[in-house]
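Hi everyone, thanks for coming. Please have a look at the structure on the screen, and I'll walk you through it.

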Amino acid sequence: MAEQTRQSPSSRKSQSHSFSASVDAWNQRRYFEAIRLDFYQDYIDSGLMFREFAQARAEQLQRRKHAATAAVQGVFLRLRAGRTVAEALKEVAPSSEIALIAAYEKDNRLNEGFTQIVRMVTEEKQLRSDVMGLLRKPAIYIALAVTMLTLMVPSLVDTLGPLLDRARLTTDQRVLLALSDFMAAYAMVLIPGLIGLFVATIVTLPLWRPDAARKLLDRHSPVHKMYRDYQAATFLKVLAVQLTVTPQLDRALAVIARNSTPWMRGYPEGILRR
């Protein structure tokens, strides 16, 4: 018992250190994400070896006290320790990019690999921007409709209710009145519920593997259908780039599957099983 008591502070310290390391790793990824494309493009334009460029960029960011300094310093330190470029970037860059970098690095075509990644990610961002543009107006209309149904209509009915002769109302008017009464009574439950449903939908989009229920949503739910179409376009771009360094289709699909989200992973794995 005494031994367990003596070990407890050490265990708590270890857990605290592990949590702190996880937060630091997440922050490094987040800060590197903000400069990632500029980092790649500047390396291509610099004409330097990647290790030399990483060192120079880390020093530059440190002088500016930039938030991404630790991430780039980590890349340089891993390169100095003898890691490959792909291994050095693995802690901060997306896994799909690491697979491409590793393949191009193996063929001594690193600059070409980064050029492909910059082009692919730029096109992906443009596609994402187009999708968000399409979603913006429907989202505003839905938000206005929910606001009216949960707040404005019940308030209006409460104000005018005493003036109405309910016995002379039409069926449609009675339904609207009943709906407004329901919304007034349960608005504080419905609004958080709708927000929770929206958040759960967004969070599970990349995580829910394409089983029968998910495929049904992908065909009929507007949000899931748009996500499917967007990811299909992204998948074709990634596959085209991957085939330039991995000519065999099955090997290219296997690489994509290893470095994809659970939803995306289901499709190349399904093709490989056929």
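Let's begin with a term: a residue is buried when its relative accessible area is under 20%, exposed when it is over 50%, and partly exposed in between, using a 1.4 Å probe and protein chains only. What we have here is a predicted model, where local features need pLDDT of at least 70 and side-chain atom pairs count only at pLDDT 80 or more, while totals for chains, interfaces and linings use all residues. Residues are numbered from 1 along each chain as its sequence is written, and side-chain values use heavy atoms, with hydrogens and water left out.

Helices here are DSSP runs of H or I with at least four residues, and strands are E runs of at least two, numbered from the N terminus. Is Q242 buried or exposed? Its relative accessibility is 3%, so Q242 counts as buried. Leaving aside residues up to four places away in sequence, Q242 touches L100, A103, A252, V255 and I256, where a contact means heavy atoms within 4.5 Å. Q116 lies 126 residues from Q242 in sequence, yet their C-alpha atoms are 9.8 Å apart in space.

Let's zoom out. The protein has 11 helices and 0 strands, and 31% of its 274 residues are buried. Of the contacts with a separation of 6 or more, 53% join residues 24 or more positions apart.

On to helix pairs. Two packed helices are described by the angle between their axes and the distance between the axes. Axes are lines fitted to C-alpha atoms, for helices over the stretch in contact, and angles run from 0 to 180 degrees between N-to-C directions. Under 35 degrees is roughly parallel, over 145 roughly antiparallel, 65 to 115 roughly perpendicular, and the rest oblique.

How do α8 and α9 pack? Helix α8 (residues 212-220) meets helix α9 (residues 222-245) at about 90°, with axes 5 Å apart. That makes α8 roughly perpendicular to α9. Among the residues in this contact are R214 and L217 in α8, and Y227 and R228 in α9.

Finally, helix α10 (residues 249-258) and helix α11 (residues 262-273) cross at roughly 150°, their axes coming within 8 Å. The two are therefore roughly antiparallel to each other. On the α10 side, D250, L253, A254 and A257 meet R265, P268, E269, I271 and L272 in α11.
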